[in-house]
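The display comes next, and my notes follow it.

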Amino acid sequence: HTTMIAVLNIQGQQFKVQAGQKLFVHRLDAEAGDELSFDQVLMLTSGDSTTVGAPTLSGATVKAKVLSHAKGDKVIVYKKKRRKGLEKKNGHRQSFSQIEIQSINS
């Protein structure tokens, strides 16, 4: 049994995934428990055969399930310009969605 690996584009970011894998992606507009299908598959590898899209593979989809929504760690954004009296301090917490890859269909 060969493992299928796909490289897909989710909201402008590329992820290398295989079935059963869990990963965090930028917040998706979906409820926890929703099933999603991503069709922007850039590359598929199964055993020794590799197919590369130009730029995407038509007909290839990756099915995933949204597990939960979470917020990342706080990142401090601090800007200062010397001798100008300019100081800005900002915090940012990125929203993430945790998804689990269900299946890769070529």
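Predicted model: local features only at pLDDT ≥ 70, side-chain atom pairs only at ≥ 80, totals over all residues.

**Entry 1: the surroundings of Ser97**

I began with Ser97 and listed its contacts, setting aside residues up to four places away in sequence, and found that Ser97 touches Leu23, Phe24, Val25, His26, Arg27, Leu28, Ser68 and His69. I then looked up where this residue belongs, and Ser97 lies in strand E8, which spans residues 86–105. Is Ser97 buried or exposed? I noted a relative accessibility of 0%, and because the cut-off for buried is under 20%, Ser97 counts as buried.

**Entry 2: confidence**

The mean pLDDT of the protein is 94, with 99% of the residues at 70 or more.

Gln94 has a relative accessible area of 28%, so I recorded it as partly exposed. Its side chain makes a polar contact of 3.1 Å with the side chain of His92. With neighbours within four places in sequence left aside, I found Gln94 in contact with His26, Ala70, Lys71 and Gly72. I also took one C-alpha distance, and Gln94 and Ala64, which are 30 residues apart along the chain, are separated by 21 Å.

**Entry 3: the nonpolar core**

Which residues of the largest nonpolar core touch the most other members? This core has 20 residues, and the answer I found is Ile10, Ile99 and Ile101. At least two core residues come from each of strand E1 (4–10), strand E2 (13–18), strand E3 (22–26), strand E5 (41–46), E7 and E8. I kept in mind that in soluble globular proteins nonpolar side chains tend to be buried together. I then listed the contacts of Ile99 beyond four places in sequence, and they are Ile10, Gln21, Lys22, Leu23, Val25, Leu28, Phe38, Ala64, Lys65, Val66 and Leu67.

**Entry 4: the four-stranded sheet**

I turned next to strand pairing, and found an open sheet of four strands in the order E2-E1-E5-E6, with antiparallel pairing. E2 and E6 are the edge strands, each pairing on one side only, and the twist from one strand to the next averages 15°.

How many bridges join E1 to E5? I found five, and these two strands run antiparallel; Met4 stands opposite Ser46 in E5, and Val7 has Met43 of E5 as its bridge partner. E1 and E2, also antiparallel, are joined by six bridges, and the partner of Ile5 in E2 is Gln18. The hairpin of E1 and E2 has two residues between the strands, and there I noted that Gln11 takes a positive phi near 50°.

Notes. Residues numbered from 1 in each chain as written. Heavy atoms only, no water. Buried < 20%, exposed > 50% of the residue type's maximum accessible area, 1.4 Å probe, protein only. Contact = heavy atoms within 4.5 Å. pLDDT = per-residue confidence, 0-100. Core = buried A, V, L, I, M, F, W, Y, C linked by side-chain atoms within 4.5 Å. Pairing = 2+ DSSP bridges. Polar contact = N/O pair within 3.5 Å; in protein donor to acceptor, adjacent residues only side chain to side chain. Axes fitted to C-alpha atoms, helices over the stretch in contact; angles between N-to-C directions.
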